[in-house]
Amino acid sequence: MRLTVDGKIHEVDVEPDMPLLWVLRDELGITGVKYGCGIAQCGACTVHIDGVATRSCQQWVGDVEGEVTTINGLGTPDALHAVQAAWIEHQVAQCGYCQSGQIMSAAALLAENPSPSDEDIDDAMSGNLCRCGTYPRIREALKSAATTLRSA
Amino acid sequence: MGRLKTFSRRAFLIGSVTVAGGVAFGAYMVRKPHANPLLADLGDGEAALTPYVRIDADGVTLITPRADKGQGAYSVQAALIAEELDVELDQVKIDPGSPSAAYWNTALADEAAQFMAPGDGISNDAAYGVLSSVMKLIGMQITGGSTTVPDGFVKLRQAGAVARETLKLAASQKSGVAVGELKTKAGAVLLPDGTSLSYAELAPLTADIEPPQDIELRPASEWRLIGKPMQRVDIIAKSTGTQSYGIDHKVDGMVHAAIKLNPAQSGPLVNFDAAEALKMRGVKDVIPVTGGIAVIADNTWRAFQAAEAVEAEWGPAPFPATIDEHWGALSASFTEDLQDSRKRDDGDVEISIAETGELVKAEYRAPYLAHAPLEPINAIVRIDDDSAEVWTGTQIPRFIQNNVGKIAGIDPENVTVHALYMGGSFGHRLEDEVVKQAAEIAVQMKGTPVKLTYSREEDLSHDFPRQIAMARMRGVVRNGQVETYDLGIAMPSVVVSQMVRQGFSVPGSDSQIVAGAWDQPFAIPNHRVTGYRAPELAPISSWRSVGASSNGFFYNAGLDELIHAAGADPLEERLRLCSNPEARKVLEAVGEMSGWDGVLGNGRGRGVALTQSFGVHCAEVIEVSNTEDGIKIDKVYVAAEVGTVVDPVNFDNLVKGGVIFALGHAMNCEITYTDGIADQNNFDSFQGMRMYQCPEIEVRGLENGERVLGIGEPPVPPAAAALAGAIFAATGTRLREMPFNKFVDFV
């Protein structure tokens, strides 16, 4: 089957019920997308499908319609997305394992809602678990990215 | 805690060794040198300056042997070396190095090793105290006990300074300019005429130069890096999905393995039928391993699916089947026979209690808790005829060498461990079951790298959780003051559970049973803290702050009950009782930060707690509101005394993270057992804290103390008690058992 990921078209020969997460990680080698729980409880595997934040562990690859964007396609160290730049500026990460998913959820939120309230942020981000407890910095970075994007 | 001070002040020596094509500067020495692990693979023209600095034609590599599990250990170790070496962090490579005895965690390990060897017991209580309070483990390359900064603060700067001064001597010989006229900056020696000699070009010239000793480390006023906000070395990678963790690592030709363990942790496999699994796409083999079966496949998900399809018959858990029986075992442990320690016995508790009729009594409970780092544990192992290689995130690389060596039947020194980045640990990676199981598979398919990845369910239900613990207190108040506080704590020994799995016997008392309780800075006239050794129950392991994680709650919660009975203010009475100037300052700091002026009122409440753990006095004030939907945590104020805040950014992040970790579990989490099987196996049943519950947290680092201390664990112990105190103030409900959501709702 054919899959568009981060602007590239891939042909993959896998079971249609393989979760997108594992196709990305094991078949395409896109490892910025993380496995945390496999049941859509932690958000580490969050990607965008046509801009919508999606838990790739619960998304059968055979059902994917639209373009997939991962953390590796959102921006790169040399061409950062505003959310990534804010994450660096605020030094959000500790272990960093959840941050791919946090950033993808934050980017999707800001694309839809450029001026989220604290409650909007809690609602959009509470599906992304951080075991290190970086939530205060995630809030700060997200607000900072919102400001940057609004003035862009 | 006093022992830590003694040992960390021990002098370090830097020696030198000549090698082919260059020179290596002597390993860090305590009494005798350990072989420098960098010498083995040095090429021509390369030199290693101490085990912490390596310079070759490509530039400077800083060796950071303490594992980075998210706490920023690589950055802080690199910064300490760079401070004296005069290199910038963006111009060096950072390498955790290979496991080596040269990276012993301070002289402590040397002391401990005398008392602890396979089959030997520890007869000396003092020696055991050293082990259990700081390291728990023999002299090996361990990351734990919030020791990375205390261990490295002098040693790593000294390594940087010796390397710098030796390079200056080489530059002086080369240029004819006196050493005193040379300066160093950004990885180069600068001559007065402006010429710049890079460290890389000077490195081969150091071959015959004796490294200068007794170099005075720079005073704090000259620090370029320490104490100033730093950018973590991994922050860009971790913000762009380009940081590779253990679970992302690939080795040519590797196969993917999944595991299905007896759901009753450590119980045996009786029988299995893999017929269905073997028919599934991509499945190569299904083989038994200790405690379960492993599926080998061409993809992680296929291996997971096939593991689920294996039919297995399991034996019973080697511990009581129900959680009620575990609590029963603790309840029955408060006996003279099971008394493990009585490290504090001030005044006379018995006489005081006999003389008075006014007695406060209570019982407290802390449940088993999983570490549950977000990256499920994993390891890659390849075993060849005479050697083996391991790629994994670990806090115990030397144990892994031994254990893989045993399974492969080879010398542990021929086991190479590549330390990879970890997606959290919280103590989970002080265990190495995943590596042993990967090795059991790999030994059956020599030459093929086997990557074993746990599913979340297997990981969380076989997590080696935090100890279950119970406390009983009684006390007396008189004239509005706390007069008598008698606290007994019962738990199984974490140290024994952990060390027996590594093949060591550990007789003697276990100071973790009373850590965070017996050594608190309060001068109560009659004060006793007794540890009781419960029998070993479910297998347990060190969980961020270990014994203090439960005892910080017990101690402060009990003290709060007495203060309330006395009609006193929780902060004022703590200040009155406080016997340590550093502790007083942290209490005063959180008082000032929170504007503490007694009762909040209007359905709001505040609580305070202070715990000294790992040498750090850490105080927290928590404010809550009692809303229609439940308790809302409004604000947390934290002050901690660490001597020197090495990186204010990371300090702030670690303190906030520690508070969130502690509160999330205190509010929402427990591991319980039914039929010997953990009832929780994923984040739907073990939530921790999510963003909507996260309060605003204000942090202050105090630098009054002489000792430089680590902050990874100390914010954890006081948090639950401060929250319970706040909830009591807001609602009148006294919470004595975690998780608190069994008794109140949180919003």
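Predicted model: local features only at pLDDT ≥ 70, side-chain atom pairs only at ≥ 80, totals over all residues.

A: Residues are numbered from 1 along each chain as its sequence is written, and chains are lettered from A and ligands numbered from 1 in the order in which they are written.

Chain B contains 21 helices and 29 strands; helices (H or I, at least four residues) and strands (E, at least two) are DSSP runs numbered from the N terminus. Of its 747 residues, 61% count as buried. A residue is buried if 20 or more other C-beta atoms lie within 10 Å of its own, exposed if 12 or fewer, and partly exposed in between, with C-beta atoms placed from the backbone. Two residues are in contact if their C-beta atoms, so placed, lie within 7 Å. Among contacts in chain B between residues at least 6 apart in sequence, 76% join residues at least 24 apart.

The largest nonpolar core holds 272 residues, and B:Ala257, B:Val295, B:Val381 and B:Ala438 have the most contacts inside it. Such a core is a set of buried Ala, Val, Leu, Ile, Met, Phe, Trp, Tyr and Cys residues joined through C-beta atoms within 7 Å. Helix 21 (residues 719-731) of chain B gives the most to this core, with 11 residues. Leaving aside neighbours within four places in sequence, the contacts of B:Ala257 include B:Val295, B:Ala438 and B:Ile441.

Helix 21 of chain B also packs against helix 17 (residues 547-566) of chain B, at an angle of about 30 degrees and with the axes 7 Å apart. Axes are lines fitted to C-alpha atoms, for helices over the stretch in contact, and angles run from 0 to 180 degrees between N-to-C directions. Helix 17 and helix 21 of chain B are therefore roughly parallel to each other, a term for angles under 35 degrees. Their crossing is right-handed, that is, the near helix is turned clockwise from the far one by less than a right angle. Here B:Gly552, B:Phe553, B:Asn556, B:Ala557 and B:Asp560 of helix 17 meet B:Ala720, B:Ala721, B:Ala724 and B:Gly725 of helix 21. The residues of this contact divide into 5 nonpolar, 3 polar and 1 charged; Ala, Val, Leu, Ile, Met, Phe, Trp, Tyr, Cys and Pro count as nonpolar, Asp, Glu, Lys and Arg as charged, and the others, Gly among them, as polar.

A second pair is formed by helix 13 (residues 397-408) and helix 14 (residues 433-442) of chain B, whose axes come within 9 Å and cross at roughly 25 degrees. Helix 13 and helix 14 of chain B are therefore roughly parallel to each other, and their crossing is right-handed. In this pair, B:Ile400, B:Asn403, B:Val404, B:Ile407 and B:Ala408 of helix 13 meet B:Val435, B:Lys436, B:Ala439 and B:Glu440 of helix 14. The contact divides into 6 nonpolar, 1 polar and 2 charged residues.

B:Phe426 is found in the loop between strand 19 (415-419) and helix 14 of chain B. Because B:Phe426 has 30 C-beta neighbours inside 10 Å, B:Phe426 counts as buried. Not counting residues up to four places away in sequence, B:Phe426 touches B:His371, B:Pro373, B:Trp543 and B:Arg544. B:Phe426 and B:Ser542 are 116 residues apart in sequence and 8.1 Å apart in space, C-alpha to C-alpha.

Definitions and conventions. Parallel < 35°, antiparallel > 145°, perpendicular 65-115°, else oblique.
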